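Try each task before reading its solution.

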Amino acid sequence: MKKKRVNLLPKTPYNTSEDMMSDDQEVCLKPCCFFCSMREPDASLRRVGISNFFKEMPLCEDKEDHHHHVLVLSELWHIAMTQPNNHEFPSLGIFKCMANLINKAINDKTWLLTNQNIYIPYYAAHIIGSYTMNKEEFAQIAVQSGVIPPLLELLRGKISWVEQRVAVRALGHLASYESTFDSVSEYEQEVVKVALNLASTCLEVVYSEFVGVKKRVEYQRKLLTRGVGDLEMENRKAEEWGSQLQCWCLHLLNCFAFKERCLNLICQKEFLKELCNMWGGLVNHTSPAGIGLLRILCYSKFGRKIIADTPKVIINLGNISRSSDDWQYMGIDCLLLLLKDSDTRYKVIDIAASYLVDLVELKSLGDKPNVGETIAKVLLEEHSNNSNRHLQEVLDLKVYRRKKENAMWEEKLEERRVLVGLIKQEANHMFRLGKVEESLVKYSEALEVCPLRLRKERMVLYSNKAQCNLVLKNPESAISDSTRALCLSNPANRHMKSLWRRSQAYDMKGMAKESLLDCIMFMNSCIIKSKHIIPYHAARMICKQMDATWLFSAARSKINHHSSNNNDEDEANNCEENFHYHKNGLMPGLSTIIEEPFVAKEESRRKVERARRRIKKGNIIAAARPIL
């Protein structure tokens with residue numbers, strides 16, 4: 001029998017006005033109900049009721065209560081996300097309850113597949129991770145409540161990648177505290193091995209089990225979108241969750257690498273090479289991902305030794321140090337750590353110096369001052385010969401030339417300023433006449449006489465040199481010159497023309513990520529300066545690179561390649577497509593921001609040609625607001 005009662009819900013930290021019962025709401029007659037306990041006005045009775053519910057919930061076998069349990073866990077998930085520092089539930093046994101629910105789901109498949117119980121392991125692991133995110137004392141309670149073994153079961157993949165994501169998140173929080181790290185490290189060999197494998201394969205798993213399939217698992221779809229999204233939202237959330245799964249695996253590995261544990265497992269050369277491609281994507285820009293782990297490894301003697309013996313990693317660190325990546329300073333830091341170690345310096349000096357030489361005039365990077373001076377100082381340590389041209393260039397620029405200019409009178413420096421302007425005008429004139437090589441020589445000549453203190457003038461000269469090298473199809477030189485120009489800009493990495501030129505150069509080399517990041521910075525500057533008007537060619541570039549850097553692009557290519565190998569007809573089609581691709585001049589490694597074929601009647605030929613000339617001059621712009 002049910003009776004009516006008036007609203008008795010107290011104003012607790014968990015309640016909002018929408019939670020208040022109406023006067024006509026009916027009383028729940030369940031002997032142990034979470035929501036009824038939450039409505040209890042007496043604080044001590046409410047705590048007793050909630051504590052009893054946490055004890056009884058994993059033991060309940062009544063099928064009618066399963067739906068109620070999912071509702072409770074959904075509410076607990078919301079509370080844990082919004083109030084992770086509230087001590088009430090952790091003190092009443094929520095961790096023990098969540099651990100028991102995960103164990104039950106793993107050990108009883110029939111129960112797991114009954115009604116909506118499939119949602120329970122995800123919510124339970126997520127709640128553990130949320131409450132242990134900020135408070136070490138909560139992490140201690142969680143470990144004492146036995147959450148690690150069930151979380152490890154989820155991490156092993158006993159259910160799906162969705163549960164692996166929240167399990168590695170929770171374990172990463174537990175491993176990040178000094179007092180609970182040892183409890184996680186009891187399983188360190190297995191944890192590290194599983195995390196390594198998961199970081200390497202998770203994107204392929206998410207693509208093959210969810211993104212790339214037509215019939216998706218229903219409960220995963222609802223978890224991703226909270227039941228209110230369409231296919232586009234599912235794909236967007238799957239990309240975000242896949243990136244988080246990978247980055248949280250790397251964070252867990254960071255916890256062990258920081259304490260120099262299991263470095264022999266983490267510092268496998270093949271994995272280090274894979275780390276170079278783990279960057280989190282645009283959907284997870286707050287995580288340093290692969291470069292974060294590489295930096296931690298560079299702080300250890302063993303890590304530096306293995307990294308120094310892997311040239312691909314050194315090249316990747318150099319590319320990051322010359323990019324618009326938010327973690328650019330980490331790439332620089334890694335190279336400097338390798339150069340400061342006498343055992344690794346001479347293994348990496350040739351490659352590292354070829355990148356760092358472009359950064360020696362960088363004043364500051366974010367909140368890090370005197371970056372260029374630090375780089376020059378480290379490069380010139382133990383420099384006793386002139387065999388390395390990059391080191392000699394740094395020595396000439398930062399030592400000899402600086403001393404020479406410091407001894408000059410102001411009148412002499414002013415004469416040089418005037419001379420630089422004249423040479424620059426001559427170079428500009430040659431460029432307009434199509435004499436690009438002669439123009440390049442003149443810009444270099446102007447830089448030789450331009451005083452170091454004239455940073456703005458030097459920035460323009462380097463940027464113009466980059467444009468010449470672009471026209472001459474010398475992308476590496478264009479990257480070097482545009483990087484030097486960006487180092488001279490104030491603030492650093494903000495000169496629009498240099499950003500666009502370096503983006504084009506990276507595109508020529510097929511380096512989509514670096515090209516994309518530069519193009520985003522360029523477009524942001526356009527939005528600020530041009531009132532939300534962006535160049536059409538930049539919009540084309542960013543669309544191209546967004547597709548090339550899609551988080552699942554490698555997984556898609558791998559799966560499609562595997563399928564094509566098993567189908568002779570597909571192979572034939574691929575050959576035809578490749579022939580068509582090369583026939584149209586879109587060669588790999590070259591810029592493919594090319595005008596699309598324009599079909600018009602014969603009498604419209606003049607209009608077409610005029611339109612093409614305007615495109616080449618860069619005067620066509622599209623008034624569009626980019627979605628970044």
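**Exercise 1.** In which helix does L152 lie? Find its surroundings too.

*Solution.* Before we start, note that this is a predicted model, where local features need pLDDT of at least 70, side-chain atom pairs count only at pLDDT 80 or more, and totals for chains, interfaces and linings use all residues. Residues are numbered from 1 along each chain as its sequence is written, and side-chain values use heavy atoms, with hydrogens and water left out.

Step 1: L152 belongs to helix α9, residues 148-155 (helices are DSSP runs of H or I, at least four residues, numbered from the N terminus).
Step 2: its relative accessible area is 3%, so L152 is buried (under 20% relative accessible area, with a 1.4 Å probe and protein chains only).
Step 3: leaving aside residues up to four places away in sequence, L152 touches L171, Y187 and V191 (contact means heavy atoms within 4.5 Å).
Step 4: V191 is 39 residues from L152 along the chain, with 7.7 Å between their C-alpha atoms.

**Exercise 2.** Is R304 buried or exposed? Locate its contacts as well.

*Solution.* Step 1: look in helix α18, residues 301-308, for R304.
Step 1: R304 counts as buried because its relative accessibility is 13%.
Step 2: beyond residues up to four places away in sequence, R304 touches several residues, including L337, L338 and D341.
Step 3: the C-alpha atoms of R304 and L337 are 8.1 Å apart, across 33 residues in sequence.

Technical notes: Helix = DSSP H or I, 4+ residues; strand = E, 2+ residues; numbered from the N terminus. Buried < 20%, exposed > 50% of the residue type's maximum accessible area, 1.4 Å probe, protein only.
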